[in-house]
Every structure is written in structure tokens, then in C-alpha cells.
Amino acid sequence: MIDTSPSLALVLVIVVLVTVGVYLLLERSLTRVLLGFVAMSNGINLLFLVAGGAAGGAPITGQTDPEDMSDPLPQFMILTAIVLTLGISAFLLAMAYRSWQLNRHDEVQDDLEDRRVARRAAADLAAFEDSDTEVTTTLDEDAAEVHDEMGGDRS
Amino acid sequence: MTPPDLLWLSLTDLSWVVPLPVLVPLSAAGLALALWRHSKAQQIISVVALTVVLLASLTLLIAADQGPVVLDVGNWAAPVGIDLVADRLSTLMLTVSAAVTLCVLIYSLAQGLADGNRGTPVAIFHPTYLVLSAGVANAFLSGDLFNLYVGFEMLLAASYVLLTLGGTGERIRAGTIYVVVSLVSSMVFLLAIGLIYAATGTVNLAQLAIRLPEIDPGVQLVLQLLLLLAFGIKAAIFPLSAWLPDSYPTAPAPVTAVFAGLLTKVGVYAIIRTQTLLFPDGRADTLLMVAALLTMVVGILGAVAQNDIKRLVSFTLVSHIGYMIFGIALSSEQGLGASIFYVAHHITVQTALFLVVGLVERRGGSTSLDQLGGLAKLAPVLAVLFFVPAMNLAGIPPLSGFLGKAGLLQAGVADGGPLALTLVGAGVVTSLLTLYAIVKAWNKAFWQVAPVEPAPMRLPRAMVGSAASLVLLGVSITVVAGPMYDYTQRAAATLRDPDQYIVSVLPDRARGAGVSSEVAEDTPDSELPDEPVEEEDE
């Protein structure tokens, strides 16, 4: 039976990667979110490696004694996760680029419809009286101007 | 084995049908992608593939009533290989979702024809849509936690593409939020799988059901909550639901419809499956009840505040997820059965409603309730098509929405706890508020004098027809409600007894029926499709 106690070095690397990942995921720029996602998924991949126990011989019958084999299942799962991460990263990059093409930035934008509802509520108007039809810009135009929580709000 | 024997075997042992709902759309997606220049061929491939899926699901629905149909993929015995399990719950979900995806496909074909395919990159639509359908089927059929994750990723990757079709500013904005939130949920799910593997050394659901009760209760609770968190984001349960009403309405109508009908329900399915099979002692029930209460009430209040019909309907979607969670949290056979019935009802109704709202947008030229008006006179058929699923959603007797809610409320009263009774009250209030929100939409869009008279136009017949057929499907659930309710109760009974699931996958509680290398001398039972489910990425 192989040793299943986790290696401290790996655990530390996981901690660092996931911390970095969480921090970057909370950023507003999509490129940073992407980096955070990559860091975090690598951290989780390492977690699978830890879950599989210490490394042993190649898991091929006839070559290694079954007692000394490494567990191949986590490695298969890591491989699958890597493939998925790669695909999603490519998609995120394309989306960040498209966002830059359209708005000259790749920041995650606010939901303006929500803000309009909130503005209406703040003005204490009945929900069925739309006070916002005077807004002359479309949501798309509005959205392009918003950079952070309050930046583009014209109320 | 002689040909007649094989034929007999294929009729008695239906395990060869189990992978079809995953394999057929996936291969069709590849084929459709290869034929990207020929949109006609793509359309035919998609329709044929989804029809096959529907037929296979119906076959399994009937077969699974006799007991779960299990296939060890590649003929590897269960805990080593991946297995696909079609039991009552999964086949019911599969059948409803197959019917809905087919209807939405026809609607989108009609829309494409009517618009002359302008502005939508149709070449990518069909393959992606098929991958989405395969992902949903894979998630429903999976008997393995990691394969469930792969199913989720397939449908999510496809949904990212569908949501951002065309790459307009608004869709990129909504897509960004949707993708990032989904990524977080996938990360949490993957983390949970890693920890579960570390704790138990397996990801096979049946084996987990045996091993999980043996580990430390504290660790069990952590794993349970991690899975709930991951699925809660996907199912849009209240504190985790803010992404949904923001991202769904921006997509094209058929895409929104299929997302609203299916994607959140896959999350609900995963919650039902893991809570009943892996954590049957119900330690998260109180938490789930509170979440259900908040989801119902906050969701419907959001709908009441909305002024845009698409967003209004999205908020009702969030709110009604609360009913399903309520049924799960009751942890009783009655509650669970009512919950499953409600899921099936809600898939058809919500999808139909979104398709009709797509037609409303087309006819009235807007989704804002202030700019719509007079549609009852302009398009009476559309008015009927909106009215029926809307009333069904609000739960007006005798429609299936009423039956599902009545079942849930009965189960809540039978439970009798103070929290359950509060939820019964909240359920009634939510139902009333749904009616209020829907009536508001109805008054403004259909009855008020149109502020701007929309240009006269005819709605494409095929679009109206496919929306109508979904509305009819919703109504027909009412007609067959009796037998269907019995079926869901039986499904709930199976779920409440995890032993049935375990024994059907691992007959001796250790090893599945597949043939692995050590016993390879035995002849396999039948010709099994041997290609395991491969994940396909966009």
C-alpha cells in the first residue's frame, strides 16, 4: 500500500495558488479573472495529486508490483480538468478581446437595468410608473461608459 | 450467438440504449461542425439526432420503471469503469428535456428561416446546441461524480457560446458575468470531487453511498455543503442567484428558453441525486428550507419590481426553484415526489413562456412593458399562448402548476414542523405574487392601449407552431398528471432507498456487472457500444 499522507510542500503550493486565484477572481478586469481562474484550477489539480497519495511506480501490470503502483485515477481526472481549463481559458481570452474591441476595456460591467430599478426605488416611485423612459441612451451605450461601481451613473 | 438471439437480447436488456442520448448528439455535433457550409444538412442532422434522443429517452422511461438500467461503459466493471445509470428520476428528466430541446430547436429553425439567418452565426449554433443537449443527458445519466462534472462542463461550455452568440456589447457584458460565476461554481465542484476522492478513494456514486457514511461526520458535512454550494450556484438558489436574471434575458429567445428550462434544473437534479444518495440523513435540511424560503420570496419580489417582460419571467424562474428545493428539504417521499413532478412541470412551462415572450418581442418590437400594448387585439393567438403557461406557472387549478404546488404544500403540512409550515405559507404567498406579476405583464403587454402601434406583421407559422406545441406539452402534463404523479412518487421511493441504486450498480456491493481484464474469458452479454463518453470542448 502506498503512503497516503499529504506532502507539506504540495499543500503549501495549493494554498498559494488558490489564494492567488481567489484574489484575482475578485478583480474587475477579465484578463485578471482569467489568470485567477488558471491559478486556482492548477491549485485544485494539485489537490487531486495529493488525494492520490505519494508517487509510486507506473501503474502497468507486469511492470510494477500492484503494491507500489501510483494511483492512476487522480491523474486521469487532472488530465481531463486541464483540457477543460484550456478550452475555457481560450474562450475567456476571446471574450476579453471582444470586450476590448467594443469598449476599449475588458472590465466586468455593472447590470444597468438593476441600477435603474434601484434608482426608481430610491425615488420612491410606484413600480408601474416608469420614470426612466426619459433616458436617451441605450443600455449598450450606457454600459460602455461604466468603469467601476459609480463611475458612469448619471443619477 | 445467432442473429435472432441478439435481437431478443437487445429487446430484453436495454442497457445499449442508455448511452444513446449522449453519444448521438455528440457525434451529430461533430458531423454538423464538419458540414458547416451546408446549413440545410446541419438542420436535418440536428432534428434527426434530437428525435433519436427523444425516442431513446422514452424507451428508457418505460424500461426504468421496472428497475434502473445500468451500463458499465466500455464493459469495465463499475467502480473501476464509468457507469451510466438510468433510473426513474433520470429518465423522467431526460425525456422531458429531450422533448423540450427538440421543440426549441424547431422554433429556432423557424426563426432562422424567417430572419434569413441574418446576424446569427448559424454554422456554430447547431453543433453547440447538440453539445449542450449531450451535456444535459450526460449529467442526468451519470453514475459517477466526475462524469457528472464532465457533463456539467459540456453543457456550460456550450452555454457560454450560445449566450454570447454574435458577440454584441450587451451579450458580452451578460456573458462575462455568467461565465465567471459558472467558473466559480465549477471550481467549487471540482474541489469537492478532489476532497471526496481524498476522503473515500472513489468517485463512483454507488460506491460513495457505501463509503461516505463510514467517514468522520464533520468531514461528511463539509463535503455535503461544498457540493450544495456548487449545485446551488447552478440551480440559482437565493443567495447564489443574482447572476441569472441578469444574464439570461440578453440571449436570443430560443437560447434563453432552453437555458431557463434545462440548465437550472440540471443543478436541481444534481442536488436531488447527491442529497438522497450520498447524504441521506438530511443534515442540511434546515439550511435548504431557509434557502428555499428566501429563493421563493426574494425571487418573486424581484419579478414584481421588473418592468421588462424577459427579466420578469427570469425572476419568476428563480422564485420557482424555491419550490423544488422545498420539496427536497422536506426529506420525505411525498415531498421529494412532488418536487420531481414540479421540476418536470416547470421545465416545460418556463421554456414555453420564454418562447412566447420571444414571439411577443418580435410582434411588439420591445420587451419593455411600457412600450408593449394592445397585443390581445393584434395577435389573439399569441395572447392565448401566453395566457395558458402563465396561468400554469401561477398555479391556477386545474393546471399542472396547481397540482405540483398542492402536492408540495400537502407534503409540507404532513411534515408539520414550524419551518415547514412557514414555507407552506410562503409558497402560497409566492404563488399569489406570481399571479400578480404575470397579470401585470398581461395587462400591460396585451390589454393596455399600445403607446406605439407596432408595424403590422405576420408571425412565422412554424415559430408559433413550435411554441404552441410546447404549451400543449405543458397542458398535457396536466392531463396525464395522475399516472405521472404516481411515477414521480415511485421515483421518490427509489431515491429514498439508496440500497436499490447501489445494488443495481454493484450487484454484490463491490463490483459491477461489466467484464474487466481478469475475467475476460467470459463472453460479454451483448454487443455493447464500446466508446466511453469523451468530453468535447468548444
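Predicted model: local features only at pLDDT ≥ 70, side-chain atom pairs only at ≥ 80, totals over all residues.
Chain A has 155 residues, and 27% of them are buried. Contacts between residues at least 6 apart in sequence were also examined in chain A; 56% of these join residues at least 24 apart.

Chain A touches chain B. The contact takes 38 residues from chain A and 34 residues from chain B. Helix 3 of chain A gives the most, with 14 residues. By class, the side of chain A that touches chain B comprises 26 nonpolar, 6 polar and 6 charged residues.

The largest nonpolar core has 223 residues. Leu355(B), Val356(B) and Ala467(B) have the most contacts inside this core. Helix 14 of chain B, residues 333-364, gives the most to the core, with 17 residues. The surroundings of Val356(B) were then listed, leaving aside neighbours within four places in sequence. Val356(B) is in contact with Leu382(B), Leu385(B), Phe386(B), Pro389(B) and Ala467(B).

The axes of helix 2 (residues 20-34) and helix 3 (residues 39-64) of chain B come within 9 Å and cross at roughly 175 degrees. Angles over 145 degrees count as roughly antiparallel, and helix 2 and helix 3 of chain B are therefore roughly antiparallel to each other. Helix 2 of chain B contributes Leu20(B), Pro21(B), Val24(B), Pro25(B), Ala28(B), Leu31(B) and Ala32(B) to the contact. From helix 3 of chain B come Gln42(B), Ile45(B), Ser46(B), Ala49(B), Leu50(B), Val52(B), Val53(B), Ala56(B) and Ser57(B). The contact of these two helices has 13 nonpolar, 3 polar and no charged residues.

Lys40(B) is also placed in helix 3 of chain B. Lys40(B) has 8 other C-beta atoms within 10 Å. The limit for an exposed residue is 12 or fewer, so Lys40(B) is exposed. Lys40(B) and Ala235(B) are 195 residues apart along the chain, and their C-alpha atoms are separated by 35 Å.

Ala235(B) is one of the buried residues of helix 9 of chain B. Helix 9 of chain B covers residues 217-235, 19 residues in total. At 1.5 Å a residue, helix 9 should span 27 Å; its end C-alpha atoms are 26 Å apart, which agrees. Other buried residues of helix 9 of chain B include Gln220(B), Leu223(B), Gln224(B), Leu227(B) and Leu228(B). Among the elements covering the buried residues of this helix are helix 7 (169-200), helix 11 (253-277) and helix 13 (309-330) of chain B. Ala236(B) follows helix 9 of chain B and has a positive phi, near 60 degrees.

Leu165(B) lies in the loop between helix 6 (145-163) and helix 7 of chain B. Leu165(B) has 19 other C-beta atoms within 10 Å. A buried residue needs 20 or more, so Leu165(B) is partly exposed. Leu165(B) and Leu330(B) are 165 residues apart in sequence; C-alpha to C-alpha, they are 40 Å apart in space.

Note on methods. Residues numbered from 1 in each chain as written. Chains lettered and ligands numbered in written order. Core = buried A, V, L, I, M, F, W, Y, C linked by C-beta atoms within 7 Å. Helix = DSSP H or I, 4+ residues; strand = E, 2+ residues; numbered from the N terminus. Contact = placed C-beta atoms within 7 Å. Nonpolar A, V, L, I, M, F, W, Y, C, P; charged D, E, K, R; others polar. Axes fitted to C-alpha atoms, helices over the stretch in contact; angles between N-to-C directions. Parallel < 35°, antiparallel > 145°, perpendicular 65-115°, else oblique. Expected span 1.5 Å × (residues − 1).
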